[in-house]
Amino acid sequence: HATGVVIGETTVVGHGCTLLHGVTLGGTGKQQGDRHPKLGGNVLVGARASILGNVKIGNCVKIGASAVVLNNIPAYATAVGCPAKVIGKAKEENPASGLDHGCSLVEMF
């Protein structure tokens, strides 16, 4: 856990995901068994973001840098903040390959 990316033992990472530096896909410490995140396909996870617990992240989701995700995020959503909140819908078909870290390709709610 000293440096880099942390991925818990029951984590599932879908095809085509991009995890930037310092990402944590971990448990909350309050669950047993299947206790780590499940990422859909083509998810972009920003630098230093943490996704904690047995939560489901839909396909083509954008998670902002330093976000702390504690709840499920629906497909094509963009989530930011601590705790993370959905602020809009990703306009691009594959956020993980486009690597647009701004909100120019987000349809805001």
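In which sense do β11 and strand β12 pair, and over how many bridges? They pair in the antiparallel sense, over 4 bridges. This is a predicted model, where local features need pLDDT of at least 70, side-chain atom pairs count only at pLDDT 80 or more, and totals for chains, interfaces and linings use all residues. Residues are numbered from 1 along each chain as its sequence is written, and side-chain values use heavy atoms, leaving out hydrogens and water.

**View 1. The β11-β12 hairpin.** Strands here are DSSP runs (E, at least two residues), numbered from the N terminus, and two of them pair if DSSP finds at least two bridges between them. Between β11 and β12 sit 4 residues, and G81 in that turn has a positive phi of about 100°. Look for T78, whose bridge partner in β12 is G88.

**View 2. β11 with β9.** Strand β11 (residues 77-80) also pairs with strand β9 (residues 62-63), in the parallel sense, over 2 bridges. Here I63 has A79 as its bridge partner.

**View 3. An open sheet of 4 strands.** The order is β1-β4-β7-β10, with parallel pairing. β1 (6-7) and β10 (68-69) are the edge strands, each pairing on one side only. Further in, 3 bridges join β4 to β7, and T24 stands opposite S50.

**View 4. I57 and the largest nonpolar core.** Such a core is a set of buried (under 20% relative accessible area, 1.4 Å probe, protein chains only) Ala, Val, Leu, Ile, Met, Phe, Trp, Tyr and Cys residues joined through side-chain atoms within 4.5 Å. Of its 18 residues, L39, V45, I51, I57, I63 and I73 touch the most other members. Leaving aside neighbours within four places in sequence, I57 is in contact (heavy atoms within 4.5 Å) with residues including K38, V43, V69 and N71.

Notes. Buried < 20%, exposed > 50% of the residue type's maximum accessible area, 1.4 Å probe, protein only.
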